[in-house]
Amino acid sequence: MNKNYIILTILMLVLAVGTLFLTMKHEPKQIDPQELLQEIIQPTRYVSTDQVAKMIIQGDPSLMLVDVRSIYEYEEYTLPGAINVPLEELLVNDNLLYFGIPGKKVIFVSNDDIQADQMWVLTKRLGYGSTYVMKGGINCWMQTIIDPQRPAETAAATDFETYSFRKGAQMYFTGAGSEDAGSGQVNVQVQRRQKSNVAAGGC
Amino acid sequence: MGPLIPNGVIGEGWDFVIAILLGIAFGFILEASGFSSSRNLAGVFYGYNFVVLRVFFTALIVAMVGLMYFDYVGWLDLSKIFILPTYLTPMIVGGVIMGVGFVVGGFCPGTSFTGIAIGKLDALFFTIGLYVGIFGFSLAYPLFAKFFDSGAMGNVTLTDVTGIPAPYFALAFTVVALAAFWGTMFIEKRVRKNMKQYKF
């Protein structure tokens with residue numbers, strides 16, 4: 001019996017067993033497409049800017065804001081406490097470790113909600129739960145929280161409630177003064193006392 | 001890096017050149033392994049010569065395990081490789097016909113050409129028969145067309161069908177092949193003992 005045969009047999013066997021270990025490539029697991037579609041049509045995956053503002057003000061420990069814009073935009077302006085995970089860097093630098101933490105609600109933020117939505121779909125497909133999208137993104141945040149518009153006088157009472165909350169949030173986030181102290185200049189009406197009877201006739 | 005042509009490492013027009021080079025190498029190896037002798041080939045069915053099984057199984061497991069390492073190292077993207085579409089029943093029937101032809105004629109298509117190359121008459125007649133058969137099938141194709149296209153499963157692999165990862169198949173095939181190598185060696189010895197003469 002040829003010795004080479006034995007060596008070659010063992011070599012081949014070792015190589016074949018080796019494939020069991022080496023091809024365990026990290027293939028991201030995906031959820032079922034049906035399930036993804038079910039989740040996509042749920043309106044509950046959106047949170048409003050008001051809800052986000054409330055959570056930030058109340059210091060909600062479960063809140064995790066994720067800014068999906070580029071690092072430059074993130075450095076220019078972002079929401080308080082937001083971390084930066086750019087959309088195209090989701091799968092690098094262990095960025096996936098931010099997601100799927102039990103008890104954390106991840107809210108994606110971008111300029112509008114398109115990029116945040118894309119990020120939501122990507123993370124959802126990867127199987128991460130409790131992820132949300134801030135409706136309207138930072139543009140909407142600017143319009144509603146940083147610079148809220150006073151509703152018309154004829155608007156419903158709830159609109160005014162929202163407005164007053166937003167004004168409060170505005171103060172919280174920007175430190176702006178209250179509305180009434182707005183102009184700083186007070187029109188002082190100087191009322192002169194009429195001199196009494198200086199030369200009011202006489203005798 | 002690979003596959004080379006789809007990834008643009010080698011230009012489009014080179015595929016025929018590569019095919020010729022591979023064909024030459026294939027023919028050379030077939031002839032060098034003794035595949036131009038129909039006695040050698042038919043020996044598998046009679047149990048006195050298992051060189052066909054050994055050569056083809058060796059090629060199979062080396063290529064299979066090698067491709068997996070290539071994929072792992074990044075030399076070849078296995079997901080981009082063309083996979084022959086599967087037609088289950090026609091393929092089984094075709095395999096049976098091929099096997100019968102192999103044991104009766106003593107050649108398979110490729111080896112019959114190596115037989116011609118070294119001037120074997122039986123190989124020549126086998127090849128003539130091959131072409132007559134191809135011609136006959138082409139003419140009669142409308143009769144078989146329905147069966148020919150039945151049982152289409154698409155470009156699937158065993159992993160796609162069963163969900164078992166490819167390395168397990170590779171390991172299973174390797175174990176079976178290696179067991180066959182050693183098993184057939186003993187069969188060969190016993191059968192050859194009873195033979196009066198054994199020539200290629």
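Okay, let's start with one pair of residues: in this model, Val66(A) sits opposite Phe108(A), which belongs to strand β4(A). Before I go on, please keep in mind that this is a predicted model. For the complex, the predictor reports an ipTM of 0.75 and a pTM of 0.55. Chain B has an average pLDDT of 87, and 98% of its residues score at least 70.

Back to Val66(A), then. On β3(A), the residue standing opposite Val66(A) is Ile83(A). What else does Val66(A) contact, once we set aside its neighbours within four places in sequence? The list is Ala82(A), Ile83(A), Val85(A), Tyr98(A), Val106(A), Ile107(A), Phe108(A) and Val109(A).

Now the sheet itself. It is an open sheet of 5 strands in chain A, the pairing is parallel, and the order across it is β1-β5-β4-β2-β3. So which strands stand at the edges? They are β1 (46-47) and β3 (83-84) of chain A; each has a single partner strand, so one side of each has no neighbour in the sheet.

Let's walk across the pairings. β2(A) and β3(A) run parallel, with 2 bridges between them. Between β2(A) and β4(A), again parallel, there are 5 bridges. And β4(A) connects to β5(A) through 3 bridges, also in the parallel sense. In that last pairing, Val106(A) stands opposite Thr131(A) of β5(A).

How many of the residues of β4(A) are buried? It's 4 of 5, so the strand is mostly covered.

The largest nonpolar core has 24 residues, and the members that touch the most others are Val66(A), Ile107(A), Phe108(A), Val109(A) and Ala116(A). At least two residues of this core come from each of α3 (49-58), β2 (63-67), β4 (105-109), α5, β5 and α6 (137-146) of chain A. There's also a second, separate core, this one with 8 residues, including Ile61(B), Met68(B), Leu171(B) and Leu178(B). As general background, nonpolar side chains in soluble globular proteins tend to be buried together.

Let me zoom out on chain A for a moment. It has 7 helices and 5 strands. Reading from the N terminus, the elements go α-α-β-α-β-α-β-β-α-β-α-α. Chain A has 203 residues, and 19% of them count as buried. If you take the contacts in chain A with a separation of 6 or more, 64% are between residues 24 or more positions apart.

Ser130(A) is not a glycine, yet its phi is positive, at about 40 degrees. For context, most residues other than glycine have a negative phi. Where is Ser130(A)? It lies in the loop between α5 (114-125) and β5 (131-134) of chain A. And is Ser130(A) buried or partly exposed? With 16 other C-beta atoms within 10 Å, Ser130(A) is partly exposed.

On to chain B. Here we have 9 helices and 2 strands. From the N terminus, the run is α-α-α-β-α-α-α-α-β-α-α. Chain B has 200 residues, of which 14% are buried. Of the contacts in chain B between residues at least 6 apart in sequence, 66% join residues at least 24 apart.

The helix I'd pick out in chain B is α5, residues 109-117, where Thr111(B), Ser112(B), Thr114(B) and Gly115(B) are buried. Why do I say these buried residues line one face of the helix? Looking down the axis of α5(B), they fall within an arc of 160 degrees, so one face it is. The elements covering them include α1 (15-32), α2 (38-46) and α6 (121-139) of chain B. After α5(B) comes Gly119(B), with a positive phi near 80 degrees.

Last stop, where the two chains meet. Chain B brings 12 residues to the contact and chain A brings 10. On the chain B side, the elements giving two or more residues are α3 (51-73) and α9 (166-193). By class, that side of chain B has 10 nonpolar, 1 polar and 1 charged residues.

That's the tour. Thanks, everyone!

How values were computed. Residues are numbered from 1 along each chain as its sequence is written. Chains are lettered from A and ligands numbered from 1 in the order in which they are written. pLDDT is the predictor's confidence in each residue, from 0 to 100. Two residues are in contact if their C-beta atoms, placed from the backbone, lie within 7 Å. Ala, Val, Leu, Ile, Met, Phe, Trp, Tyr, Cys and Pro count as nonpolar, Asp, Glu, Lys and Arg as charged, and the others, Gly among them, as polar. A residue is buried if 20 or more other C-beta atoms lie within 10 Å of its own, exposed if 12 or fewer, and partly exposed in between; C-beta atoms are placed from the backbone. A nonpolar core is a set of buried Ala, Val, Leu, Ile, Met, Phe, Trp, Tyr and Cys residues joined through C-beta atoms within 7 Å. The arc is that of the directions from the helix axis to the C-beta atoms. Two strands pair if DSSP finds at least two bridges between them.
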